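Student: I would like to go through the charged pairs in this chain. Could we start with the terms?

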Amino acid sequence: MEAQAILESGWGKKVPVDPATGTSSYNLFGIKGTGPAGSVTIESKEVENGKTVTRTSQFRAYENYQQSMEDHTQFLRRPAYKNVLAATTPAQAAQALEEAGYATDPAYAEKLTGLIQTYNLSQYDSFTSEGPQTFPP
């Protein structure tokens, strides 16, 4: 999730913004369509038949980043992304995202995997019990 947010939003600097009002869409994941706060229409780069083209598309808008993250989680529960959720490694999940057509970039999985490795994002995949801990943890 972190790698996708970084890649899709350019470290938060390229979150789609309504060109008429300047209002943020809070869309960290480049999900197209209409969200809880409507949508924003912007130009984006897509890869079609090996060539990069500019398309005007509607991107989901949210009230805040939390909604964006929750929607992303729900989005990946679609049947097309079952292999993403079944993946046992970050690289497998990234490859499954690419194969499911999440993005048109043919190097999507490679870019995600590179971000995960470069910034050690896998460290956030581990969960520990929230039971009593000895301090300092």
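Tutor: A salt bridge here is a side-chain nitrogen of Lys or Arg within 4 Å of a carboxyl oxygen of Asp or Glu. The model is predicted, so local features need pLDDT of at least 70 and side-chain atom pairs count only at pLDDT 80 or more, while totals for chains, interfaces and linings use all residues. Residues are numbered from 1 along each chain as its sequence is written, and side-chain values use heavy atoms, with hydrogens and water left out.

Student: How many salt bridges does that rule give?

Tutor: The count is four salt bridges. One of them joins the side chains of K32 and E46, at 2.7 Å from N to O. This pair links distant parts of the chain, 14 residues apart: K32 is in the loop between helix 1 (2-9) and strand 1, and E46 is in strand 1. Helices (H or I, at least four residues) and strands (E, at least two) are DSSP runs, numbered from the N terminus.

Student: Where does strand 1 run?

Tutor: Strand 1, which holds E46, covers residues 39-48.

Student: Is E46 buried or exposed?

Tutor: E46 counts as buried because its relative accessibility is 10%. Buried means under 20% relative accessible area, exposed means over 50%, and partly exposed is in between (1.4 Å probe, protein chains only).

Student: What does E46 touch?

Tutor: Leaving aside residues up to four places away in sequence, E46 touches K32, K51, T52, V53, R55 and T104. Contact means heavy atoms within 4.5 Å.

Student: R55 is on that list. Which residue forms a salt bridge with R55?

Tutor: That residue is E48, and the closest N and O atoms of the two are 2.6 Å apart. R55 is partly exposed at 36% relative accessibility, and E48 is partly exposed with a relative accessible area of 32%.

Student: Which residue does K111 meet in a salt bridge?

Tutor: The side chain of K111 meets that of D105, at 2.5 Å from N to O. K111 has a relative accessible area of 38%, so K111 is partly exposed.

Student: Changing topic: what about S9?

Tutor: S9 is in helix 1 and counts as buried, at 2% relative accessibility. A polar atom of the S9 side chain lies 2.9 Å from the backbone nitrogen of G12. Beyond residues up to four places away in sequence, S9 touches Q4, K14, V15 and L28.

Conventions: A polar contact is a pair of N or O atoms within 3.5 Å; within protein, one must be able to donate a hydrogen and the other to accept it, and residues adjacent in sequence count only if both atoms are side-chain atoms.
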